[in-house]
Amino acid sequence: MIDPDVKAQLSSYRQSIDNIDAALVHILAERFRCTKEVGVLKAKYKLPPADPAREEYQIARLRQLAEDAHLDPDFAEKFLNFVITEVIRHHEQIAADHAERGAAAK
């Protein structure tokens, strides 16, 4: 049988984790809202969907933030690379949609 104090501690930690997960989802949603707007601008002005220099900067910055927070920087980089891949995919789709609308308007 688990000690009631241990159960209370587990419950408290799990509640915090659930709250952090909810905040993370909202933060990611806002990030993708902003990057969608970047994709619209890129499509409108025919800019490439990927920006390797910006991505390199973001990865270096995130690795440093991870180290400062005592988080595995390799994990943080993998996570950001996933996000970047999704952003580029969305930007490519926005550009394709924009090109189709432009062609249909002619």
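Visitor: Does His91 count as buried or exposed in this model?

Guide: This is a predicted model, in which local features need pLDDT of at least 70, side-chain atom pairs count only at pLDDT 80 or more, and totals for chains, interfaces and linings use all residues. Residues are numbered from 1 along each chain as its sequence is written, and side-chain values use heavy atoms, with hydrogens and water left out. Buried means a relative accessible area under 20%, exposed over 50%, and partly exposed in between, with a 1.4 Å probe and protein chains only. Because its relative accessible area is 5%, His91 is buried.

Visitor: Which residues are in contact with His91, leaving aside its neighbours within four places in sequence?

Guide: His91 is found in helix H3, where helices are DSSP runs of H or I with at least four residues, strands are runs of E with at least two, and both are numbered from the N terminus. Contact means heavy atoms within 4.5 Å. With those neighbours set aside, the residues in contact with His91 are Thr35, Val38, Gly39, Lys42 and Pro49.

Visitor: What distance does H3 reach from its first C-alpha to its last?

Guide: H3 runs over residues 73-105 and has 33 residues. The expected span of a helix is 1.5 Å times one less than its number of residues, and for H3 that expectation is 48 Å. The distance in the model is close to this value, at 47 Å.

Visitor: Against which helices do the buried residues of H3 pack?

Guide: The buried positions of H3 include Ala76, Leu80, Val83, Ile84, Val87, Ile88, His91 and Ile94. An α-helix has 3.6 residues a turn, so residues three or four places apart point the same way. The buried residues of H3 pack against H1 (4-44) and H2 (52-68).

Visitor: At about what angle do H2 and H3 pack?

Guide: Axes here are lines fitted to C-alpha atoms, for helices over the stretch in contact, and angles run from 0 to 180 degrees between N-to-C directions. The axes of H2 and H3 lie 9 Å apart. The residues of this contact divide into 8 nonpolar, 2 polar and 5 charged, where Ala, Val, Leu, Ile, Met, Phe, Trp, Tyr, Cys and Pro count as nonpolar, Asp, Glu, Lys and Arg as charged, and the others, Gly among them, as polar. The packing angle of H2 and H3 is about 150 degrees.

Visitor: What is the separation of the C-alpha atoms of Phe32 and Val83?

Guide: Phe32 lies in helix H1 and is partly exposed, with a relative accessible area of 26%. Leaving aside neighbours within four places in sequence, Phe32 is in contact with Val83, Glu86 and Val87. Phe32 and Val83 are 51 residues apart along the chain, and their C-alpha atoms are separated by 8.9 Å.

Visitor: About what phi does His70 have?

Guide: His70 is found in the loop between H2 and H3 and counts as exposed, because its relative accessibility is 77%. Lys46, in the loop between H1 and H2, has a positive phi near 55 degrees while being a residue other than glycine. His70 is not a glycine, yet its phi is positive, at about 60 degrees.
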